[in-house]
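Open the model in your viewer and keep the selection tool at hand. We will go stop by stop.

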Amino acid sequence: MKFFYQLKSINGTGWHDSTLLYTGFIEAADKKEAKAKLDNEFQMKLKERVVLKDGQKPPDYKLYLIQSSDSVIDFYLSERKCMTCSENYIILEQRNLGHHASRETCSDKCRSHNRPKVPEYFDSLDGYRKPVIYRITNKHNGKCYIGKTKQPFTLRWWQHFFHPTDSKFHKAIQESQVHDWSFEIVESIDGKATDEEIALCEQKWISNMDSIANGYNSVPSRKIEEQSQQTAFDGEVLNERC
Ligand SMILES: [Zn+2]
């Protein structure tokens, strides 16, 4: 059997505050034998788990030891060619030298060199995410829901499924499977747009798609609804005063 292990140093403040020191593989008949071999190799009694009493200092090193699959071993031990510097490297060796080697690059330096440019939907100047208008369509009847978000849009998509309310859209979601729906970004908006401008854009899509009468939107763009309620309220106050 092959075992994967990591040795971490405990930095004094707690169990989770640890630094990776070494990663490796060891061959043994069972986990007990693997542990004994490692104790011997590192010349100390390594701890995997410790219950600390109040005020007790944690040990200096922590061992993570698990039986390993071939795919994990392949990942760490295969020879690769760095996409940036073209050097051949083995992920495990680079990691143990303190580099963040990955599938594509040999080190942090090469990785950052290779990092893709900021995509269009991020504002290039300040890194803010552009607000987007998205459409979620029921593949079976073609009816859709239009929404807006400044969050990562995949998060908003997820939220509809896992934080449902009792709106008509969320009721339809409850009665369906995630693969019954398609999700798309229909418009991205300037990052400096005001909430009102974003709402106007959303409302334009709601109107064009007819997604209230013939889809899953329950109400007009919320910001616009709030505004009209506010106007009505202001009107009442004014009338009272008059
Ligand atoms: Zn490299």
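Select β1, β2 and β3. They form an open sheet of three strands in the order β2-β1-β3, paired antiparallel. Strands here are DSSP runs of E, at least two residues long, and helices are runs of H or I, at least four long, both numbered from the N terminus. Two strands pair if DSSP finds at least two bridges between them. The edge strands are β2 (18-27) and β3 (61-67), and each pairs on one side only. From one strand to the next, the twist averages 20 degrees. Axes are lines fitted to C-alpha atoms (for helices, over the stretch in contact), and angles run from 0 to 180 degrees between N-to-C directions.

A word on ground rules. This is a predicted model: local features need pLDDT of at least 70, side-chain atom pairs count only at pLDDT 80 or more, and totals for chains, interfaces and linings use all residues. Residues are numbered from 1 along each chain as its sequence is written.

Now zoom in on β1, residues 2-10. Nine bridges join β1 to β2, and the two run antiparallel. Show Y5: it stands opposite G24 in β2. Turn to the β3 side, where β1 and β3 pair in the antiparallel sense over seven bridges. There, Q6 stands opposite Y64 in β3.

Next, select residues 31-42. This is helix α1, which lies across β1, β2 and β3 and runs at about 145 degrees to β3. Contact means that the C-beta atoms of two residues, placed from the backbone, lie within 7 Å. How far apart are the end C-alpha atoms of α1? They are 16 Å apart, which agrees with the 16 Å that twelve residues should span at 1.5 Å a residue. The expected span is 1.5 Å times one less than the number of residues. Step past the helix to Q43, which follows α1 and has a positive phi, near 60 degrees.

Move on to β6, β7 and β8. Here is an open sheet of three strands, in the order β7-β6-β8, with antiparallel pairing. β7 (144-149) and β8 (181-188) stand at the edges with a single partner strand each, so one side of each has no neighbour in the sheet. The twist averages 25 degrees from one strand to the next. Select β6 (residues 132-138): it pairs with β8 in the antiparallel sense over seven bridges. Within that pair, R135 stands opposite E184 in β8.

Helix α5 (residues 153-162) lies across β6, β7 and β8, at about 40 degrees to β6. Helix α7 (residues 195-209) packs on the sheet too, touching β6, β7 and β8, and its direction makes about 175 degrees with that of β7.

Now colour by pLDDT, the predictor's confidence in each residue, from 0 to 100. The chain's mean is 81, and 80% of its residues reach 70 or more. Confidence is highest in strand β5 (residues 88-90), at 95, and lowest in helix α8 (residues 222-241), at a mean of 39. Over residues 224-242 the pLDDT is below 50, and beyond near neighbours in sequence this stretch has four contacts in the model.

Finally, zoom out. The chain's secondary structure comes to eight helices and eight strands. Among contacts between residues at least 6 apart in sequence, 49% join residues at least 24 apart.
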